[in-house]
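Here is a quick tour of one protein chain for someone new to reading structures. Have a look at the picture first, then work through the points below.

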Amino acid sequence: MLNQIRVKLLLFMFTFLICFNSLFLLNIAAQDDIASASNNYTFESIDVPDVDFLALTASSDFEDYAGYTRSADGEKEVAFTLIDGIFTTYDFPGSQKTQFFALGNNGNAAGHYQDSDGLYHGVVLENGELRQYDFPDAVQTFLYGISDATGKLTGNFIDADGIRRGFSGDLIVEFPGATETYADFVNASGGMVGSYVDADGIFHPYIRTPTGRFVSLDLPRAALLEYFFVHGINDANIVVARAKARGGLPLTYVGTFQEGLQPFKVPGSVSTEGYNINQDGSIVGNYDTEDGRKHGVYRKTKCRSA
């Protein structure tokens with residue numbers, strides 16, 4: 001079984017790199033001409049009545065959602081869950097903003113909040129109550145993942161020396177030689193995705209195998225990127241990545257080791273950002289429209305006829 005997992009991961013990483021490099025060479029310089037692969041998917045907008053800013057960033061496997069929105073007075077961002085059709089907002093006491101980026105199948109959510117001094121702390125929603133989470137000895141903590149299999153939290157922290165590292169549970173994750181390491185999500189087999197910043201300030205995606213081996217996925221024209229984040233990976237090794245060229249708009253890519261990577265863009269949107277991959281391959285995220293509104297989006301693969 002372990003050998004099968006290793007072979008699967010290596011095949012995935014090889015195909016991911018080849019397909020992403022080809023896709024990026026074609027599209028990084030002409031990002032406004034990216035064609036949506038909408039013929040293969042159905043897109044469902046996720047909206048809440050009287051809410052014009054819905055940054056959907058996470059979902060469960062049961063089509064429940066989490067993210068952040070604006071407070072009733074419009075003064076700051078507050079976290080939300082949309083579970084069984086019930087929209088609930090969460091504002092950590094004394095915070096400047098509160099945001100969720102992970103949602104478990106049990107309804108627990110996680111993210112971070114910004115305190116009155118501008119520092120970020122992890123925040124976890126359990127049984128309807130918010131609690132603060134700080135990684136040991138961290139000055140700032142950012143949460144991006146919850147494992148349904150183990151309950152472990154995954155994210156990043158900044159220490160007293162200003163160095164950013166990733167973590168999962170109590171494991172510290174640091175890409176060798178990186179100035180910053182971001183960790184976003186771990187699938188059931190232990191495969192982790194994230195990104196790191198090298199000594200030249202350039203972003204690179206990486207995969208960390210269940211055995212602890214790091215594999216960097218170097219990108220052509222990476223120096224043109226303002227950022228590159230790999231946000232999610234499911235148990236079939238499908239990933240969702242979010243990137244932005246300097247001076248450009250946010251872009252999202254979705255990839256499989258069978259079919260390579262494709263751009264993910266809601267037809268007619270100004271920009272689209274994908275954040276989460278569910279076990280059935282569905283994607284969740286948000287998109288902006290020309291009227292200035294931000295909508296949640298759920299994308300599901302169409303059933304193919306025999």
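## A run of hairpins

Strands β16 and β17 make a hairpin with 5 residues between them, and Gly212 in that turn has a positive phi of about 95 degrees. Keep in mind that this is a predicted model, where local features need pLDDT of at least 70, side-chain atom pairs count only at pLDDT 80 or more, and totals for chains, interfaces and linings use all residues. Residues are numbered from 1 along each chain as its sequence is written, and side-chain values use heavy atoms, with hydrogens and water left out.

**Around β16**

- Strands here are DSSP runs (E, at least two residues), as helices are (H or I, at least four), and the numbering starts from the N terminus.
- "Buried" means under 20% relative accessible area, "exposed" means over 50%, and "partly exposed" is in between (1.4 Å probe, protein chains only).
- In a regular strand, side chains alternate between the two faces of the sheet.
- In β16, Phe203, Pro205 and Ile207 point one way while His204, Tyr206 and Arg208 point the other, and all are buried.
- β16 pairs with β17 (residues 214-216) in the antiparallel sense over 3 bridges; two strands count as paired if DSSP finds at least two bridges between them.
- Across that pairing, Arg208 sits opposite Phe214 in β17.

- On to β15 (residues 192-197): 6 bridges join β15 to β16, and the two run antiparallel.
- Met192 stands opposite Arg208 in β16.
- The β15 and β16 hairpin has 5 residues between its strands, with Gly201 in the turn at a positive phi of about 80 degrees.
- Strand β14 (residues 180-186) has 6 of its 7 residues buried, so β14 is largely enclosed by the rest of the structure.
- β14 and β15 are antiparallel partners over 6 bridges, and Val186 has Met192 as its bridge partner in β15.
- Their hairpin also has 5 residues between the strands, and Gly190 in the turn shows a positive phi of about 95 degrees.

**β18 and β19**

- In β18 (residues 225-233), 8 of the 9 residues are buried.
- β18 runs antiparallel to β19 (residues 239-245), joined by 7 bridges, and Tyr227 is opposite Lys244 in β19.
- This hairpin has 5 residues between its strands, and Asn237 takes a positive phi near 65 degrees.

**Positive phi in two loops**

- Most residues other than glycine have a negative phi, and most peptide bonds are trans.
- Asp50 isn't a glycine, yet has a positive phi of about 70 degrees. Asp50 is in the loop between β1 (41-46) and β2, and counts as exposed because its relative accessibility is 85%.
- Glu63 is another residue other than glycine with a positive phi, near 60 degrees. Glu63 is in the loop between β2 and β3, and is partly exposed, with a relative accessible area of 39%.

**Salt bridges**

- Side chains of opposite charge can pair when their charged atoms come close.
- How many salt bridges does a search of the whole structure find? The search finds 8, counting a side-chain nitrogen of Lys or Arg within 4 Å of a carboxyl oxygen of Asp or Glu.
- Asp91 pairs with Lys76, their closest N and O atoms being 2.9 Å apart. This pair links distant parts of the chain, 15 residues apart: Asp91 is in the loop between β5 (86-90) and β6 (97-103), and Lys76 in the loop between β3 and β4 (77-83).
- Arg131 and Glu126 meet in a salt bridge at 3.0 Å, N to O. Arg131 is partly exposed at 34%, and Glu126 is partly exposed at 31%.
- Lys294 and Asp288 meet at 2.8 Å, N to O. Lys294 is buried at 11% relative accessible area, whereas Asp288 is partly exposed at 22%.
- Asp159, Arg165 and Glu174 are linked in a network of salt bridges.
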